[in-house]
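Please read them alongside the sequence and coordinates.

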Amino acid sequence: MKTYYITTPIYYLNGDPHIGHTYTTVAADVMARYKKQRGYDVKFLTGSDEHGQKVEKAAAEAGVSPQEFVDGLAATFKGIWEVMNCEYDYYQRTTNPAHVASIKKIFKKLFDQGDIYKGSYEGLYCTPCESFFTETQVENGNCPDCKRPVGKISEEAYFLRMSKYQDALIKHYDANPEFLLPISRRNEMLNNFIKAGLEDLCVSRTSFKWGIPVDFDAGHVIYVWIDALSNYITALGYLSDDDSDYKRYWPADLHLMAKEIVRFHAIIWPCILLALDEPLPKQVFAHGWLQYDGQKMGKSLGNAIDPRALVDEYGVDAIRYFLMREFTFGPDGNFTPTALINRYNADLANDLGNLLSRTVGMVEKYFSGTLPDISTPTAFDQDLIDLAITTLQNAEDRLDKLAFSEALNEIWNLVRRANKYIDETAPWVLAKDETKAPELATVLYNLAETLRILSIAIAPVMPNTPQIIHTQLNITDPTLCEWESGKKFGLLPRAITVTKGPAAFPRVEKEKK
């Protein structure tokens with residue numbers, strides 16, 4: 001069985017996550033669910049980055065220990081992923097004792113082989129980002145990532161010989177053109193950072209205590225990015241007594257993240273792996289920000305949208321659908337309440353919800369809830385059938401490229417075609433002529449079978465909605481819900497009995513906020 005290992009970043013714990021955080025994790029969850037449907041042995045990792053100066057300071061301000069502080073916030077993040085119906089396999093906390101033990105071994109291994117050495121650091125440091133920068137990298141005294149002021153620090157430190165791996169990293173980029181996507185991120189990292197010259201990286205600190213200690217040098221704690229980045233392999237048991245998951249699932253198939261941390265994943269992390277003589281991930285994908293009315297979403301700007309409130313208002317499947325359908329995955333996306341309502345009403349209430357409601361309603365009205373096993377083709381059947389049996393393949397082609405919006409558009413082409421099929425065949429007219437009963441049964445069967453295929457296609461994005469469809473169509477055979485069965489038309493038994501339920505997606509009034 002093929003394996004598939006996908007990760008999100010482990011999120012820095014800084015208050016409640018907003019809808020922008022969920023963008024990455026929902027996308028990863030969609031890919032994990034999709035690959036599982038395709039028959040892959042999938043592992044999906046997310047987690048929390050819990051060490052560092054910011055955490056130590058925030059905990060002191062809150063009057064609690066750093067561990068108490070991160071315990072509470074980790075529970076909050078886990079709660080958000082539960083609300084968003086994200087089913088991860090690993091939740092890696094950097095305070096996890098197994099992770100801590102492996103990080104100490106990684107640091108010692110790199111030191112023993114000469115890839116980490118002791119020196120002193122004087123330079124520019126961004127506390128919010130836990131990042132060091134050179135004079136040429138800062139922008140008017142501000143961090144190039146978060147745009148806040150950087151400060152000069154001076155302290156004894158250990159360094160990773162990043163410069164040693166510059167040529168090897170360039171060679172890897174050249175040999176693997178899809179290692180970092182979108183292409184604009186690849187060009188930026190390769191030309192502005194790697195080829196410009198890699199400097200050795202400060203990988204320990206002495207000015208704070210909340211971190212993994214360097215065992216062989218008291219007072220030093222391991223730099224957060226060595227700690228945080230290595231979670232992708234420590235979660236799999238790297239350098240532990242049981243590394244079977246590491247041997248099975250590494251290298252990762254996909255590291256998924258927002259663009260502001262691409263430098264760490266596309267430069268620092270590969271250098272760490274090269275130094276460890278371990279394989280690099282197959283792909284790093286850094287998507288754009290989810291903005292609000294043209295501004296980056298964030299707590300400090302006061303425009304952070306609480307995903308829990310959105311789920312309470314519209315339902316989790318609707319929010320997951322909106323995130324994956326509304327925005328092209330790669331560039332920045334602009335979130336607005338109006339766009340959400342419009343997409344919900346047009347695609348979910350009017351198109352998919354109405355298709356289900358009309359189909360089940362007509363079976364109840366014209367055949368008392370049970371389709372007879374009779375059939376006569378109509379002139380409009382084949383066009384619908386042809387599109388239905390190609391939809392999943394079309395969606396696959398897009399999903400494999402992380403083109404979520406395009407994949408959903410392919411699926412909704414079938415939704416719209418089925419609604420058009422209703423208008424073309426006019427079941428209400430056929431019902432007036434008893435001799436047309438076989439044609440009417442054909443039309444309603446084709447609609448039910450199309451809904452079965454749609455339930456398979458939307459499952460990675462909208463995991464709850466397929467069950468609504470299955471319940472109303474009384475689909476209980478699990479083989480009819482398998483991905484490959486969605487590429488065949490006519491598998492649904494003809495004499496089905498339907499059970500009408502409430503509207504899957506009730507319309508939302510425009511003024512509702």
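1. Helices H3 (residues 66–83) and H11 (residues 307–314) have axes that come within 10 Å and cross at roughly 25°. H3 is therefore roughly parallel to H11, the term covering angles under 35 degrees. Axes are lines fitted to C-alpha atoms over the stretch in contact, with angles running from 0 to 180 degrees between N-to-C directions. The H3 and H11 crossing is left-handed, that is, the near helix is turned anticlockwise from the far one by less than a right angle.

2. The model is predicted: local features need pLDDT of at least 70, side-chain atom pairs count only at pLDDT 80 or more, and totals for chains, interfaces and linings use all residues. Numbering runs from 1 along each chain as its sequence is written, and side-chain values use heavy atoms, without hydrogens and water.

3. Helix H13 (residues 337–367) has a kink of about 40° centred on Asn354; the bend is the angle between axes fitted to the seven residues ending at a residue and the seven starting there. Ser368 follows H13 and has a positive phi, near 55°. Helices are DSSP runs (H or I, at least four residues), numbered from the N terminus.

4. The whole structure contains 1 cavity of 30 Å³ or more, a cavity being a set of points on a 1 Å grid where a 1.4 Å probe fits but cannot get out. The largest cavity holds about 30 Å³, the volume being the space filled by probe spheres set on the points, which are joined across faces, edges and corners.

5. Lining residues (an atom within 4 Å of a point) of the largest cavity are Leu399, Ala407, Leu408, Ile411, Ala457, Pro460 and Val461. Helix H15 (residues 404–425) gives the most, with 3 residues.

Definitions and conventions: On a 1 Å grid over the protein atoms alone, a cavity is a set of points where a 1.4 Å probe fits but cannot get out, and a pocket is an open set with protein on both sides within 12 Å along at least five of seven lines; lining residues have an atom within 4 Å of a point. Helices (H or I, at least four residues) and strands (E, at least two) are DSSP runs, numbered from the N terminus. Angles under 35 degrees count as roughly parallel, over 145 as roughly antiparallel, 65 to 115 as roughly perpendicular and the rest as oblique.
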